[in-house]
Amino acid sequence: MASEALYINDRITIAGWELTEQFVLAGGPGGQNVNKVATAVQLFFNVQNSPSLTDRVKANAIRLAGRRVSKEGVLMIEASRFRSQDRNREDARERLKELILGAAAPPPPPRRKTKPTKGSIERRLKEKSGRSEVKKMRSKVGGD
């Protein structure tokens, strides 16, 4: 069980009791240390039932996390990038923080329609009439 709270920003702080950590054996380089010490961290966070997040942030976080979220709404972040348990733990918490910050970001402003400029309208019409002339020249010549 993770004891310290995870500070995301001014409005969002995830309490320590909401985070669960599990240490497992990691693969990759590290020699005999990899076979003996559980250095990889699996960080579990129940996004669906978290009182720390708003409904919009929960929905965005689940969408951003993709396959890392179970059907019950539990997010699992696995960190095994480093050889030490402490650094992997910090890495997992940092990745959770980045995901929540991305989910809490405001939506982009809606696109505003713009009118085409007078010059662009004239260029388009001139190009159309030019293309029309080319196609007229392809037709059969009427004989007198």
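What share of the contacts in the protein chain with a separation of 6 or more comes from residues 24 or more positions apart? I looked this up in what is a predicted model, and I noted that such residues account for 57% of those contacts.

Entry on the fold. I went through the secondary structure of the protein chain and found four helices and five strands, which follow the pattern β-β-β-α-β-α-β-α-α when read along the sequence. The radius of gyration of the protein chain is 29 Å, well over the 15 Å that the globule rule gives for 144 residues, so I wrote the chain down as more spread out than a compact globule. I then took the box filled by the C-alpha atoms along the principal axes, and its sides are roughly 100 × 40 × 30 Å.

Entry on surface and charge. I find that 28% of the 144 residues count as buried, while the protein chain exposes about 10,700 Å², of which carbon and sulfur atoms supply 53%. Turning to the charged side chains, I noted 29 positive and 16 negative ones, with the centres of the two sets lying 12 Å apart.

Entry on helix α2. Which residues are buried in this helix, which covers residues 55-65? I listed V57, K58, N60, A61 and A65 as buried in α2, and I traced the packing of the buried residues of this helix to strand β5 (74-79) and helix α3 (85-104). Just after α2 I also looked at the backbone of G66, where phi is positive, at about 65°.

Notes: Residues are numbered from 1 along each chain as its sequence is written. This is a predicted model: local features need pLDDT of at least 70, side-chain atom pairs count only at pLDDT 80 or more; totals for chains, interfaces and linings use all residues. Side-chain values use heavy atoms; hydrogens and water are left out. Helices (H or I, at least four residues) and strands (E, at least two) are DSSP runs, numbered from the N terminus. The radius of gyration is taken over C-alpha atoms; the globule rule is 2.2 Å times the number of residues to the power 0.38. Buried means under 20% relative accessible area, exposed over 50%, partly exposed in between (1.4 Å probe, protein chains only). Contact means heavy atoms within 4.5 Å. Accessible areas come from the Shrake-Rupley method with a 1.4 Å probe; for residues, only the protein chains shown count as cover. Lys and Arg count as positive and Asp and Glu as negative; His and the chain ends are not counted. The place of a charge is taken as NZ of Lys, CZ of Arg, CG of Asp or CD of Glu.
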